[in-house]
Amino acid sequence: MNMRATAADVVSAVHPVSLRIKTYLINLDRAEIRRFRMERLLAEIGIEFERVAAFDGVAIALPRRDFDAKSYLRRHGRRPNPFEIGCYLSHVECARKFLASDGEFALILEDDLDIDDDFAEVLAAALERKESWDILRLSTVNRGRKHRVTPLTASRSLAIALTREKGSGAYLVNRKAAGWIADMLLPMRLPYDIALDLEFDEGLRACFVDPVPVSQRADAHSQIQAGLSTYRIGRRRRPWSVLPYRAAAEARRFAARFIRLVAWRMRGQKDGPAAAGSLSKS
């Protein structure tokens, strides 16, 4: 297939699950090679998408109303990173576009991904379990343990992570979660992936697909990562509030998700004997 798929190529090979999901691809105008690569990957899978022009950190000037510099320093302990701000605002823009549509679910993708061959199958299975999640994480850059709660496909399961997970390369949201992203996550007070991992504070349910079907590659040309050291502050100069804030967030996360995990496991134990009994009678 050519590096750049035509509209006709994509439409002729659309996977049925693509008709149920609004897919948004975040891509900088100047990142053409990334765009061509993702167009090819998504065309091969049969996923229709709308490209969302990413906010470019090069053009971001501070101060601005949608970025709370004081809270960012107090919670994250780093100087403002314009490329990180651009990433954050790009994800919020995807949520807004989705809410302006008539879609029930949104798939939000960054443009530096590797996608497994069964991706469309995983999405279809996830929609069959839509009552179980508001946010479904499909990628991560962490290696923390994922506690499986129910099978999705022959090789993947829904799972709950009890500790912080970073990376926002690929995830599904319903309209409730999109509303939270578009309204409650502004102004920006944390990097986007860290803010997204605080869904429990609003009573939202987050799950992972385990193992994840999308790999978020460490791109050597990523401006967010390449210049990260520039925005770090020495430990002695870091605000005292950072560690207490992080500790409190970790405690809330563990408690909220542990309660969900236990409830899910108990529900599974109750359903198991009932299902076995119904099978023995049939």
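Author: The second largest pocket holds about 260 Å³ of space, a volume being the space filled by probe spheres set on grid points that are joined across faces, edges and corners. This is a predicted model, in which local features need pLDDT of at least 70 and side-chain atom pairs pLDDT 80 or more, while totals for chains, interfaces and linings use all residues. Residues are numbered from 1 along each chain as its sequence is written, and side-chain values use heavy atoms, without hydrogens and water.

A pocket is an open set of points on a 1 Å grid over the protein atoms alone, where a 1.4 Å probe fits and protein lies on both sides within 12 Å along at least five of seven lines; lining residues have an atom within 4 Å of a point. Here the lining comprises 14 residues, with R75, M184, L185, R189 and L198 nearest the centre. Two or more lining residues come from each of α6 (175-184) and α9 (242-281); helices are DSSP runs of H or I of at least four residues, and strands are E runs of at least two. By class, the lining has 9 nonpolar residues, 5 charged and no polar; Asp, Glu, Lys and Arg count as charged, Ala, Val, Leu, Ile, Met, Phe, Trp, Tyr, Cys and Pro as nonpolar, and the others, Gly among them, as polar.

Because 5 of its 6 residues are buried, β1 is largely enclosed by the rest of the structure; buried means under 20% relative accessible area, exposed over 50%, and partly exposed in between (1.4 Å probe, protein chains only).
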